[in-house]
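Keep the 3D view open as you read.

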Amino acid sequence: MDVLHSSCAGLDVHRDTVVACARAVTDNTAHHTVEQFGTTTIELRRLRDWLRSHGCTHVVMEATGVYWKPVWNVLYGGFELVLANAAHVKNVPGRKTDVKDADWVSDLLAHGLIRASFVPDSPTQEMRTLLRTRKQLSREKSSHILRIQKTLEDANIKLDSVITDVMGLSGRKMIEALIAGQKDPAKLARLADHRVRASQETLREALRGHVTKHHRFLLRLHLNQIDALDAAISKIDREVEAGIAPFRTAVEQVTSIPGVKDLSARAIISEIGIDMSRFATDAHLISWACLCPRSDESAGKRRSNRIRKGSPWLKTTLVQCAWAAARTKGSYLQAQFHRIRSRRGVKKAIVAVAASILIAIYHMLKNGTMYQDLGPNHFDRRTKERQKNRLVQRLAELGYAVQLAPLPN
């Protein structure tokens, strides 16, 4: 097998240690030199100097949690760095030590057998970290809202049965009044906004319960947590807005797709970046996002076509956008959803729509264009003749002779 990199190194990265294996070829013979380093900044700088002293030009490391990031930051700029998916560089069973792992990945790199993972630039990484943190805080807020509903149910307050949003304007006023000690259902019902559809009588019956001191304590505790999370989310939004300038054009392009709003567009851009040149085709991007069937075939039989897990941040956002697009009337994506759903089911249809959205984003970012909807009749136009023959044949099977004539303009 040809050697592509005659002088390279493999790193086995852990929390407290980094095992480095420098590989050099002299007289058609590979020589390996192994050294262990710490993960403090001084030790990582010593690792950098050690790699330079051995003439290494390429360095590979596994994507181990977040432990690879400090190593990457120290070595960045001095070497051609490759981040490898740990699942792609597994050693054979029975050869599992830190030294052998470093030796193994250095050999794989030397022969060009490692596919590099996507590592975005610093602004994209910062945007990605902020938006991922925002999503985590939003999930925590949802958990506290559910706990408030659980506490109200324990007090036999059926607020979520008569109000859509318990933490909306009306719901918040009623909960604050309950915490303050108000027990009169009539007075609590009058706090509802005039836009609430439930009648006063229905509200009074829903608000008639048994709220104790324990319930009031829990309600106040969860409300304080929700307020703190709202404040943190607002700070993140301001920080994102301050650094959105390099991505603003891309966000405007992506938001032109039905179902994709501003926040979702920012999340998608932070995950895939704005430079599409690292993906050879749109199929490579779809495969990287794990929105296509896996390759699992043996003895000529397809064993599974389930999609792989992939990134939970990108995939969940795309699926949410796909659901919104599937409900957008008069759009190509809605037509695609209904067309696939009738044959393959809802789950496959929504994943197909998510993949179509990502394909559109790839070409829009690559070519600098806006989204152009194909329209809800795209599939009918494309298969007009086939549909006509199918319908005529179906009528013939039912015992009808049909003669077709085009409608006058």
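Burial comes up throughout, so here are its cut-offs: a residue is buried under 20% relative accessible area, exposed over 50% and partly exposed in between, with a 1.4 Å probe and protein chains only. At 38% relative accessibility, Gln 136 therefore counts as partly exposed. This is a predicted model, in which local features need pLDDT of at least 70 and side-chain atom pairs count only at pLDDT 80 or more, while totals for chains, interfaces and linings use all residues. Residues are numbered from 1 along each chain as its sequence is written, and side-chain values use heavy atoms, leaving out hydrogens and water.

**The nonpolar cores**

- A nonpolar core here is a set of buried Ala, Val, Leu, Ile, Met, Phe, Trp, Tyr and Cys residues joined through side-chain atoms within 4.5 Å.
- The largest such core holds 50 residues, and Ile 257, Ile 272, Leu 291 and Ile 357 have the most contacts inside it.
- Two or more residues each come from helices H4 (122–154), H9 (213–242), H10 (248–254), H11 (262–272), H12 (282–288), H13 (312–326), H14 (332–344) and H15 (346–367); helices (H or I, at least four residues) and strands (E, at least two) are DSSP runs, numbered from the N terminus.
- H15 gives the most to this core, with 13 residues.
- Another core, of 25 residues, lies apart from it and includes Ile 148, Met 167, Met 174 and Leu 178.
- What does Leu 291 touch, not counting residues up to four places away in sequence? Its partners are Ile 286, Ile 307, Lys 315, Leu 318, Val 351, Ala 354, Ala 355 and Leu 358, where contact means heavy atoms within 4.5 Å.

**H15 and the helices that cross it**

- The expected span of a helix is 1.5 Å times one less than its number of residues.
- H13 packs on H15 at about 100 degrees, with the axes 8 Å apart; axes are lines fitted to C-alpha atoms, for helices over the stretch in contact, and angles run from 0 to 180 degrees between N-to-C directions.
- That angle makes H13 roughly perpendicular to H15, on a scale where under 35 degrees is roughly parallel, over 145 roughly antiparallel, 65 to 115 roughly perpendicular and the rest oblique.
- From H13, Leu 318, Val 319, Cys 321, Ala 322, Trp 323, Ala 325 and Ala 326 meet Val 346, Ile 350, Val 353, Ala 354, Ile 357 and Leu 358 of H15.
- By class, this contact of H13 with H15 has 13 nonpolar, no polar and no charged residues; Ala, Val, Leu, Ile, Met, Phe, Trp, Tyr, Cys and Pro count as nonpolar, Asp, Glu, Lys and Arg as charged, and the others, Gly among them, as polar.
- H11 and H15 have axes that come within 12 Å and cross at roughly 70 degrees, so these two helices are also roughly perpendicular.
- Ile 268, Ile 269 and Ile 272 of H11 meet Leu 358, Ile 361 and Leu 365 of H15, a contact made up of six nonpolar, no polar and no charged residues.

**H13 and H3: what is buried, and under what**

- The buried residues of H13 are Trp 313, Leu 314, Lys 315, Thr 317, Leu 318, Cys 321, Ala 322, Ala 325 and Ala 326. H4, H11, H12, H14 and H15 are among the elements that cover them.
- In helix H3 (residues 98–110), Asp 101, Ala 102, Val 105, Ser 106, Leu 108, Leu 109 and Ala 110 are buried.
- The cover over those H3 residues includes strands E1 (7–13), E2 (17–26), E3 (29–38), E4 (58–62) and E5 (80–84).
- Gly 112 follows H3 and has a positive phi near 70 degrees.

**Single residues worth a click**

- His 144 lies in H4 and is buried, with a relative accessible area of 13%. Beyond its neighbours within four places in sequence, His 144 is in contact with His 222, Gln 225, Ile 226 and Leu 229.
- Gln 136 also has its place in H4. Its C-alpha atom is separated by 24 Å from that of Ile 350, 214 residues apart along the chain.
- Most residues other than glycine have a negative phi.
- Asn 156, in the loop between H4 and helix H5 (159–162), has a positive phi near 60 degrees and is partly exposed at 41% relative accessibility.
- Cys 290 has a positive phi of about 60 degrees although it is not a glycine. This residue sits in the loop between H12 and strand E6 (297–298) and is buried, at 4% relative accessible area.
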